[in-house]
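Subject: Structure for you to look at

Hello,

I am passing on the structure we spoke about.

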Amino acid sequence: MAGTILFTAANSSLAIPAIDHLLTKYPAYTAVLTVRNPATTDPNTQRLRATIAKHPAAKTFIHALDLADLSAVRTFADTIVDQISQGSLPPLASIVCNAYYWNLTGGMEMTVDGYEKSFQAIHIAHAALVLKLLAHFGPDG
């Protein structure tokens, strides 16, 4: 039984080719794709949507997820848990922790949670997400 593969930063330059490969070679899987900005005006999300459009039978879901806000991470994880528990999503097969944040032009940025933004987005938020979802992997995940 195929499961769900969750990507963070699914609209990034690294994720889009990986998602295209997934949808081409493993169409039985469901892809849950997170982006910081799901708006149709966001150029990165437009590229993601164009990639998905090449696979009309694909089971994909785009969700907003701001890893710089741990309450958003908890809310998102709870939503995924509910969807798996209710059977509207198959159990997890994989989580691809792809998101990152790197500020090269300004000073240190802090999140609403009080952590340095890069550290939270790259490490803390991914760890929180995986830990909240760990019990919801299928037998092959």
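Asp 20 forms a salt bridge with Lys 54 (a salt bridge is a side-chain nitrogen of Lys or Arg within 4 Å of a carboxyl oxygen of Asp or Glu), and the closest N and O atoms of the pair are 3.5 Å apart. Asp 20 belongs to helix 1 (residues 15-25) and Lys 54 to the loop between helix 2 (43-53) and strand 3, so the pair ties together parts that are 34 residues apart in sequence. Helices (H or I, at least four residues) and strands (E, at least two) are DSSP runs, numbered from the N terminus. Lys 54 counts as exposed, at 53% relative accessibility. For these labels, buried means under 20% relative accessible area, exposed over 50%, and partly exposed in between (1.4 Å probe, protein chains only).

Before the rest, a word on the source: this is a predicted model, in which local features need pLDDT of at least 70 and side-chain atom pairs count only at pLDDT 80 or more, while totals for chains, interfaces and linings use all residues. Residues are numbered from 1 along each chain as its sequence is written, and side-chain values use heavy atoms, with hydrogens and water left out.

How many salt bridges does the structure hold? There are 2. Besides the pair above, Lys 132 and Asp 78 meet through their side chains in a salt bridge (2.9 Å, N to O). This pair links distant parts of the chain, with Lys 132 in helix 4 (residues 117-133) and Asp 78 in helix 3 (residues 70-86), 54 residues apart. Lys 132 is partly exposed at 35% relative accessibility, and Asp 78 is partly exposed at 36%. As background, side chains of opposite charge can pair when their charged atoms come close.

Now the chain as a whole. The protein chain has 4 helices and 4 strands, and along the sequence they follow the pattern β-α-β-α-β-α-β-α. Its radius of gyration is 15 Å, close to the 14 Å that the globule rule gives for 141 residues, so the chain is as compact as a globular protein of that length. That radius is taken over C-alpha atoms, and the rule is 2.2 Å times the number of residues to the power 0.38. The C-alpha atoms fill a box of roughly 45 × 30 × 20 Å along the principal axes. Buried residues make up 38% of the 141 residues.

- His 63 lies in strand 3 (residues 59-64) and is buried, at 19% relative accessible area. Not counting residues up to four places away in sequence, His 63 touches residues including Val 32, Val 35, Phe 76 and Ile 80; contact means heavy atoms within 4.5 Å.
- Gly 3 lies in the segment before strand 1 (4-7) and is buried, at 5%. Gly 3 and Gly 138 are 135 residues apart in sequence, yet 7.0 Å apart in space, C-alpha to C-alpha. Leaving aside neighbours within four places in sequence, Gly 3 is in contact with Tyr 29, Thr 30, Pro 90, Pro 91 and Ala 93.
- Ala 9 lies in the loop between strand 1 and helix 1 and is buried, at 18%. Ala 9 has a positive phi of about 50° although it is not a glycine. Most residues other than glycine have a negative phi.

Regards
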